[in-house]
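Subject: Structure handover and notes

Dear colleague,

Here is the structure I promised to pass on to you. My notes follow directly below it, and I would be glad if you could read them with the coordinates open.

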Amino acid sequence: SQELKNDRGIVLAAVTPNGYALQYASQQLQNDREIVLIAVTEYGDALEGASQELKNDRGIVLAAVTPNGYALQYASQQLQNDREIVLTTVTKHGLALEFASADDALKYSS
């Protein structure tokens with residue numbers, strides 16, 4: 001039920017072992033920084049279910065891309081063009097360069 005998807009305790013219990021569960025949380029909790037940080041730390045691709053505001057949060061995005069560079073595709077356009085984030089991502093996951101903005105991809109290929 002929507003009520004349970006908006007229950008912070010239930011959503012925390014769900015995302016702690018399985019960050020993917022973030023996609024089923026209410027929009028309000030998809031904008032809860034603590035919940036999203038736990039989810040993306042456990043499962044980087046959980047960034048897809050985060051609010052637009054948190055997809056533009058450097059700390060959240062760095063937590064997501066550090067273990068899983070492919071999570072860069074879910075970051076805001078601004079952070080896909082952020083040198084530190086892209087460098088952190090491609091250092092461990094070179095093929096994730098595909099998800100950097102086109103301008104950044106050109107800078108890193110030279």
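Tyr43 counts as partly exposed, because its relative accessibility is 30% (buried means under 20% relative accessible area, exposed over 50%, and partly exposed in between, with a 1.4 Å probe and protein chains only). This tyrosine is placed in the loop between helix 3 (33-42) and helix 4 (58-65), where helices (H or I, at least four residues) are DSSP runs numbered from the N terminus, as are strands (E, at least two). Together with Tyr20 and Tyr24, Tyr43 makes a nonpolar surface patch of about 310 Å². Patches are made of residues with over 30% relative accessible area and no salt bridge, like charges being joined within 9 Å and nonpolar side chains (Val, Leu, Ile, Met, Phe, Trp, Tyr) within 5 Å; accessible areas come from the Shrake-Rupley method with a 1.4 Å probe, and for residues only the protein chains shown count as cover.

Please keep in mind that this is a predicted model, in which local features need pLDDT of at least 70 and side-chain atom pairs count only at pLDDT 80 or more, while totals for chains, interfaces and linings use all residues. Residues are numbered from 1 along each chain as its sequence is written, and side-chain values use heavy atoms, with hydrogens and water left out.

Salt bridges

A search of the whole structure finds five salt bridges, a salt bridge being a side-chain nitrogen of Lys or Arg within 4 Å of a carboxyl oxygen of Asp or Glu. One of them pairs Arg8 with Glu34, with 2.5 Å between the closest N and O atoms. Because Arg8 lies in helix 2 (residues 8-15) and Glu34 in helix 3, this pair ties together parts that are 26 residues apart in sequence. Arg8 is partly exposed at a relative accessible area of 34%, and Glu34 is likewise counted as partly exposed, at 43%.

Arg58 takes part in another salt bridge, in which its side chain meets that of Asp82 (2.3 Å, N to O). Asp82 lies in the loop between helix 5 (77-80) and helix 6 (83-92) and Arg58 in helix 4, so the pair ties together parts that are 24 residues apart in sequence. Asp82 counts as buried, since its relative accessibility is 17%, whereas Arg58 is partly exposed, with a relative accessible area of 32%. Arg58 also forms a salt bridge with Glu84, the closest N and O atoms being 2.1 Å apart; this pair links distant parts of the chain, with Arg58 in helix 4 and Glu84 in helix 6, 26 residues apart. Salt bridges that share partners also join Arg8, Asp32 and Glu34 into one network.

In helix 2, the residues Val11, Leu12 and Val15 are buried. They cover an arc of only 100° around the axis, which puts them on the same side of helix 2, the arc being that of the directions from the helix axis to the C-beta atoms. The cover over these buried residues includes helix 1 (2-5) and helix 3. Val15 itself has a relative accessible area of 0%, and beyond its neighbours within four places in sequence it is in contact (heavy atoms within 4.5 Å) with Ala21, Leu22, Ile35, Ile38, Ala39 and Glu42.

Which residues of helix 3 are buried? They are Ile35, Val36, Ala39 and Val40. Seen down the axis of helix 3, these fall within an arc of 120°, so they line one face of the helix. Helix 2 and helix 4 are among what covers them.

Gln30 lies in the loop between helix 2 and helix 3 and counts as buried, at 14% relative accessibility. A polar atom of the Gln30 side chain lies 3.3 Å from the backbone oxygen of Ala25. Leaving aside neighbours within four places in sequence, the contacts of Gln30 include Leu22, Tyr24, Val36, Gly49 and Leu54.

Best regards

Conventions
Polar contact = N/O pair within 3.5 Å; in protein donor to acceptor, adjacent residues only side chain to side chain.
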